[in-house]
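Q: I have this model open and want to go through some of its contacts. Can you take me through it?

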Amino acid sequence: MSEVRTTGPDQTFGEPAEADTSLVVVTGLSGGGRSTVARALENVGFYVVDNLPQALLLDMAELAVKAGGAARRTAMVLDVRSRAFSTDLVGAIEELRERGYAPRVVFVDADDEVLIRRFESVRRSHPLQGEGRLADGIAVERGLLEEARDQADVIIDTSHLNVNQLRRRVEELFGGEETRRLRVTVISFGFKYGVPPDADFVVDARFLPNPYWVPELREHTGREEAVSSYVLGQEGADAFVSAYADLVTATTPGFEREGKRYLTVAVGCTGGKHRSVAISEELASRLRRSGLTANPQHRDLGRE
């Protein structure tokens, strides 16, 4: 069965600069899921360096401290494909700690039979099998990484985890609740300028009367009270917004389980100035009241 083992509490760093830096070292068996772990760490805000020679671990840690910003959360992925890989990974980690850093080491593992099936499914050879069998390459790699596995802070056995389950496990370990939540953008647009290409939902507000034909409203926008009240006061407008708010709210948990972090709801009218703007503002407001992170944007406002 799948395993996640953590050893001991998070360590603290000795120097103030290092104290603001979170370092993660990812290693483990080829085919175990290192790439998925790397992508999941990126999802929760880590700067990820893949296939890093272990000789450069200390240099990369120092660069992360100096760079600041996004690099304060840096993950370094090591594996035996690197020509600079040596058997003394534990020594390299220990050197980091002696210099005042406190990296968390993540070891990704899986049963031999599972690894063999994964390699066979993609028709790839193991990087260490040479002229031998897949099992021979896996055995050699296990020997090289045995000490690193024993010293790891976190061991993730992916034998019975699919990609989404592995991603969620990493996000639970390294991401706060906010980083795992879906962010909704409600964007207004004008159909005459084209549908936003990144829209997950497209909402058509053209069934509502157009304020453009009301002289005192024509020059105003859906962000203004007079236009908003006119649009939202039309028959069917409230039910329309409520239905889409319920739809987005109902689908959010499923999107989050599938790893989606950004959802775009595109609300269109003819020119993107009146109806779509008012509906977008109201829909985003209702989604926020439901506990979602939702923000309105207005692509075509001011375009006319």
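Q: How are α10 and α11 oriented to each other?
A: They are oblique to each other, since their axes cross at roughly 45° and come within 10 Å. On the angle scale, under 35 degrees is roughly parallel, over 145 roughly antiparallel, 65 to 115 roughly perpendicular, and the rest oblique. Axes here are lines fitted to C-alpha atoms, for helices over the stretch in contact, and angles run from 0 to 180 degrees between N-to-C directions. This is a predicted model, where local features need pLDDT of at least 70 and side-chain atom pairs count only at pLDDT 80 or more, while totals for chains, interfaces and linings use all residues. Residues are numbered from 1 along each chain as its sequence is written, and side-chain values use heavy atoms, with hydrogens and water left out.

Q: What hand does the crossing of α10 and α11 have?
A: Right-handed. That label applies if the near helix is turned clockwise from the far one by less than a right angle, and left-handed if anticlockwise.

Q: Which residues make the contact?
A: From α10, D238, F240, V241, S242, Y244, A245, V248 and T249; from α11, I279, E282, L283, R286 and L287. Contact means heavy atoms within 4.5 Å. By type, the residues of this contact are eight nonpolar, two polar and three charged. Nonpolar covers Ala, Val, Leu, Ile, Met, Phe, Trp, Tyr, Cys and Pro, charged covers Asp, Glu, Lys and Arg, and the others, Gly among them, are polar.

Q: What does R286 pair with?
A: D238, in a salt bridge with the closest N and O atoms 2.5 Å apart. R286 is in helix α11 (residues 275-289) and D238 in helix α10 (residues 237-257), so the pair links distant parts of the chain, 48 residues apart. The term salt bridge needs a side-chain nitrogen of Lys or Arg within 4 Å of a carboxyl oxygen of Asp or Glu. Helices are DSSP runs (H or I, at least four residues), as are strands (E, at least two), numbered from the N terminus.

Q: What else does E282 touch?
A: Leaving aside neighbours within four places in sequence, E282 is in contact with L232, V241 and R289. E282 and A245 are 9.6 Å apart, C-alpha to C-alpha, and 37 residues apart in sequence.

Q: How many salt bridges in the whole structure?
A: A search finds 15. One of them joins the side chains of D109 and R149, 2.7 Å from N to O. D109 lies in strand β5 (residues 104-109) and R149 in helix α6 (residues 134-151), so the pair ties together parts 40 residues apart in sequence. D109 is buried at 5% relative accessibility, and R149 is partly exposed at 23%.

Q: New topic: what is the phi of N51?
A: About 55°, which is positive although N51 is not a glycine. N51 is found in the loop between β3 (47-49) and α3 (57-67) and is partly exposed at 33% relative accessibility.

Q: And R123, what phi and where?
A: Phi of R123 is near 55°, again a positive value in a residue other than glycine. R123 sits in the loop between α5 (112-121) and α6 and is exposed, with a relative accessible area of 79%.

Q: Is H274 buried or exposed?
A: Buried, at 4% relative accessibility. H274 lies in the loop between β9 (262-269) and α11. Leaving aside neighbours within four places in sequence, H274 has contacts that include N210, Y212, H220 and C269.

Q: Last one: which helix and strand counts does the protein chain have?
A: Eleven helices and ten strands. Buried residues make up 46% of the 304 residues in the protein chain.

Note on methods
Buried means under 20% relative accessible area, exposed over 50%, partly exposed in between (1.4 Å probe, protein chains only).
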